[in-house]
Amino acid sequence: QLLGNQDHIKLELEKLKKTHNEQQQKLEERVLALGQELQEAKGAVGAGQRRLVEQSAVLLTCQGQLQEVEAENSRLQLRLKELNEEYRSRLGQYIRDVANYMDSKPSSVTGHSKAPAGQAAMKNFVDSMLRDIRASYKCREEQLARAARGYKKRMKDLARKHENLLIAYGLQREQIRSLGSRAVDCGPAELHFCITEPELLTNSSRELNRLREEKAKLEMQLQELHKGLGLMSGHDPSELFCPRQLDEEGWAEVRKKLREFALNTQEDLEQERSQLLTRAVVAEEQVSELQGYIDQHLAR
């Protein structure tokens with residue numbers, strides 16, 4: 001029976017070989033497709049990082065230009081304010097001199113009863129006109145003050161959004177670093193994208209910038225340490241820098257402590273920032289009330 005069924009067994013073996021070859025070919029095609037998708041994903045990540053670097057460079061350039069323009073605008077506004085005050089004082093004095101001269105001239109109206117009534121007519125008219133001018137100037141100054149407060153508020157909102165983006169960027173760098181991939185660049189440190197404008201920096205922002213600076217120093221020291229270990233052991237420093245090849249438990253503990261420290265520090269700074277914002281709002285309201293009291297009761 002075995003000899004008689006030999007042809008059937010050979011046929012079954014051929015079918016099994018054919019099925020195995022087909023499955024093997026499909027598996028190889030799937031592996032190639034996955035490899036191609038992985039390369040495309042790496043290329044997309046690299047392109048995204050390049051775009052991020054380009055946009056960061058453009059952002060830094062625009063920030064520098066914005067600072068220069070704001071400084072020039074502030075200087076011109078201060079000079080314009082000085083010229084306006086000088087012009088207003090001179091114009092007021094000229095008008096008063098003209099009014100005094102007109103009132104000091106002898107009246108052309110005959111009779112002693114009408115002369116005293118017409119002597120101070122020009123002065124009263126000039127005083128009324130100057131009061132109207134001062135009221136219009138005061139209204140315009142209040143409008144400009146409101147516009148300046150709105151501008152400062154928008155700048156603070158932009159600074160807060162920028163700070164949130166920096167925090168998200170730092171978390172993304174830590175996630176990429178925790179993966180231990182040597183082919184993916186984590187990008188520059190958060191310190192390179194921090195805001196350095198003193199007017200936009202709060203106490204919490206300054207503290208975060210200080211922590212980012214310390215973190216960047218620690219990262220540089222860690223890289224130098226790994227390079228030194230690589231030279232001493234004769235291995236590639238980039239391989240030693242991969243966290244997966246070191247003690248996994250040690251790295252996990254270090255990352256956990258760093259994450260806890262960052263979260264606790266961020267929470268404390270957020271609370272301090274909320275308290276400072278509340279105090280700033282109260283102070284602005286008090287300043288507005290004091291300014292209104294000065295304008296109403298102490299202007300004269």
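This is a predicted model: local features need pLDDT of at least 70, side-chain atom pairs count only at pLDDT 80 or more; totals for chains, interfaces and linings use all residues.
Start with the secondary structure, which is quick to describe: the chain has 6 helices and 0 strands. Going along the sequence, that reads α-α-α-α-α-α.

Now for two of those helices. Helix α1 takes in residues 6-104, which makes 99 residues. At 1.5 Å a residue it should span 147 Å, and its end C-alpha atoms sit 142 Å apart, so the two figures agree. Helix α3 covers residues 121-179 and has 59 residues. From its first C-alpha to its last it reaches 88 Å, close to the expected 87 Å.

What about burial? Across the 300 residues of the chain, 15% count as buried. The chain exposes about 24000 Å², with carbon and sulfur atoms supplying 57% of that area. In α1, the buried residues are G46, A47, S56, E70, G92, I95, A99 and D103. In α3, the buried set includes V126 and L130, then M155, A159, H162, E163, L166 and I167, and also Y169, G170, R173 and I176.

Contacts tell you how the chain comes together. Among contacts with a separation of 6 or more, 59% link residues 24 or more positions apart.

Which residues line the largest cavity? They are R173, A189, E190, L191, R212, K215, A216 and E219. R173 is also among the buried residues of α3. Helix α4, residues 203-233, gives the largest share of the lining, with 4 residues.

Conventions
Residues are numbered from 1 along each chain as its sequence is written. Side-chain values use heavy atoms; hydrogens and water are left out. Helices (H or I, at least four residues) and strands (E, at least two) are DSSP runs, numbered from the N terminus. Buried means under 20% relative accessible area, exposed over 50%, partly exposed in between (1.4 Å probe, protein chains only). Contact means heavy atoms within 4.5 Å. Accessible areas come from the Shrake-Rupley method with a 1.4 Å probe; for residues, only the protein chains shown count as cover. The expected span of a helix is 1.5 Å times one less than its number of residues. On a 1 Å grid over the protein atoms alone, a cavity is a set of points where a 1.4 Å probe fits but cannot get out, and a pocket is an open set with protein on both sides within 12 Å along at least five of seven lines; lining residues have an atom within 4 Å of a point.
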